[in-house]
Amino acid sequence: MAVRVVKPDSTNRSAEAPVGDNSLTPGQQAFVREFIVDLDGPQAAIRAGHPRRGAAGHSAALLAQPAVHGAIVEGLSGSAPAHTIGDDWVLEQLKRIAEYGAAIRPILDKERAATGQYAMVDAPSALKAIELVGRHLGLFADQRGLSGEPPQVVISGLEAEF
């Protein structure tokens, strides 16, 4: 099976027409998005759809264009919509890990029949995720103040000292 690469000619430029309010073509926009990910020009060019052969040249040519350079600077400066990972995202992922790891599944024997016993899907991952959330919330004794006294915990009216 032969693969044929079709390059746009001067008569068919619809794929390179400017989009929206900015003056970047879709190909330039894809390069800018990919470049901001890891600041690797040739890899960004490849991920944006340029062939591997000549990707370094394509990325150099794109980076030399003032509009592309400006869009990259804007994207890196934070004035563009944020694509960063924040506390909310991390906590949501930890919640998913904890929920998945704490899920209960039946234990199967060699013939793949249920034994009547159950186990957590991934207890270590669930416990670590819960620990990280607890640390984030400051719930553990190693995060107490300078007094060094153990915290008093009240559970359902009972007082316990740790």
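Accessible areas here come from the Shrake-Rupley method with a 1.4 Å probe, and for residues only the protein chains shown count as cover. By that method, the protein chain has an accessible surface of about 12,400 Å², and 58% of this belongs to carbon and sulfur atoms.

Before going further, a word on the model. It is a predicted one, in which local features need pLDDT of at least 70 and side-chain atom pairs count only at pLDDT 80 or more, while totals for chains, interfaces and linings use all residues. Residues are numbered from 1 along each chain as its sequence is written, and side-chain values use heavy atoms, with hydrogens and water left out.

**Overall layout**

The protein chain has six helices and four strands; these are DSSP runs numbered from the N terminus, with helices being H or I of at least four residues and strands being E of at least two. Along the sequence, the elements come in the pattern α-α-α-α-α-β-β-α-β-β. Of the 162 residues, 15% are buried, where buried means under 20% relative accessible area, exposed over 50%, and partly exposed in between (1.4 Å probe, protein chains only). If you take contacts (heavy atoms within 4.5 Å) between residues at least 6 apart in sequence, 28% join residues at least 24 apart.

Let's look inside. The largest nonpolar core has 11 residues, among them Phe-31, Phe-35, Ala-55, Leu-62 and Ile-72. Such a core is a set of buried Ala, Val, Leu, Ile, Met, Phe, Trp, Tyr and Cys residues joined through side-chain atoms within 4.5 Å. Helices α1, α2, α3 and α4 each supply at least two residues of this core. In soluble globular proteins, nonpolar side chains tend to be buried together.

Ala-55 itself, leaving aside neighbours within four places in sequence, is in contact with Pro-42, Ala-45 and Ile-46.

**Salt bridges**

Side chains of opposite charge can pair when their charged atoms come close. The structure holds five salt bridges, each a side-chain nitrogen of Lys or Arg within 4 Å of a carboxyl oxygen of Asp or Glu. Here are some of them:

| Pair | N to O distance |
|---|---|
| Arg-47 and Asp-38 | 3.1 Å |
| Glu-92 and Arg-96 | 3.5 Å |
| Lys-128 and Glu-131 | 3.7 Å |

Arg-47 and Asp-38 also belong to a network of salt bridges that links them with Glu-34. Arg-47 is partly exposed, at 37% relative accessible area, and Asp-38 is partly exposed at 37%.

Glu-92 and Arg-96 are four residues apart in helix α5 (residues 87-101), so about one helical turn separates them. Lys-128 and Glu-131 lie three residues apart in helix α6 (residues 123-137), about one turn of the helix. Lys-128 is partly exposed at 43%, and Glu-131 is partly exposed at 26%.

**A hairpin**

Strands β1 (residues 104-108) and β2 (residues 114-120) pair in the antiparallel sense over four bridges; pairing requires DSSP to find at least two bridges between two strands. Ile-104 has Met-120 in β2 as its bridge partner. The two strands form a hairpin with five residues between them, and Arg-112 in the turn has a positive phi of about 65 degrees.
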